Amino acid sequence: MNFHGRAKRLDDIDLPRIGALIGVGEDELHAVIDVEARNSGFDRQGRPAMLFEPHVFWRELGEGHRRDTAAAQGLAYPRWGMKSYPADSYPRLEAAMRIDERAALRSASWGLGQIMGFNAGLAGYEGAAEMVRAFLDDEEEHLEAMVRFIVNAGLDDELRAHDWRGFARGYNGPGYARHGYHTRLEARFRWWRSKPDTPWSQATGAACPAPGEPGATVDP
């Protein structure tokens, strides 16, 4: 699989437009993006942001020769945290794909929302390969997939309520508190809430003029 596409970044209007689909603003989505993908859906080489998880690959492969082969190469082990992550996960992913492509793609997290490949169905795709191909060109696709996952995982209520602990528990798993996901989400939300939002009209689905621009409504 070729992991290079157009690698287009988000337009400012994408955040309020897509957030409005589930009744949140851009600040909530910014917080999730910042914590999950460090505010970038692509790496420096223009590939989708990706983290390969050997403990998930272990599970996906199941018992047998393929798991034994992966374990011998350091690509699969039974528990999270047994080894540190490399600076670039793609070489490990590509080695894993030579053993089992489907299992390897399912064992990595992808894009702005760092959606696990095995959760591609909740993000609206037939499988991990389809999701990865969809992520090659535009972060807008990443954000829409993240929102679909949030809805299908039943986490949109928590996000609207700013229940960061409940959201992190569902989004990041039972170890969320150990890694401080809930506190990091809340901190980033508070940071973004202090910044001006992108002018946008939900009624028209279009950008609004900023105050002082022609057509803008400015308070007297």
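I looked up the make-up of the lining of the largest pocket and found 21 nonpolar, 12 polar and 11 charged residues, where Ala, Val, Leu, Ile, Met, Phe, Trp, Tyr, Cys and Pro count as nonpolar, Asp, Glu, Lys and Arg as charged, and the others, Gly among them, as polar. A pocket here is an open set of points on a 1 Å grid over the protein atoms alone, where a 1.4 Å probe fits, with protein on both sides within 12 Å along at least five of seven lines, and lining residues have an atom within 4 Å of a point.

The model is predicted, with local features needing pLDDT of at least 70, side-chain atom pairs counting only at pLDDT 80 or more, and totals for chains, interfaces and linings using all residues. I number residues from 1 along each chain as its sequence is written, and side-chain values use heavy atoms, with hydrogens and water left out.

I noted a volume of about 1,400 Å³ for the largest pocket, taken as the space filled by probe spheres set on the points, which are joined across faces, edges and corners. Of its 44 lining residues, Leu51, Glu53, Ser109, Gln114 and Tyr181 are the closest to the centre. Helix H2 gives the most to this lining, with four residues; helices (H or I, at least four residues) and strands (E, at least two) are DSSP runs, numbered from the N terminus.

I then checked confidence, pLDDT being the predictor's own for each residue, from 0 to 100: the mean is 91, and 92% of residues reach 70 or more.
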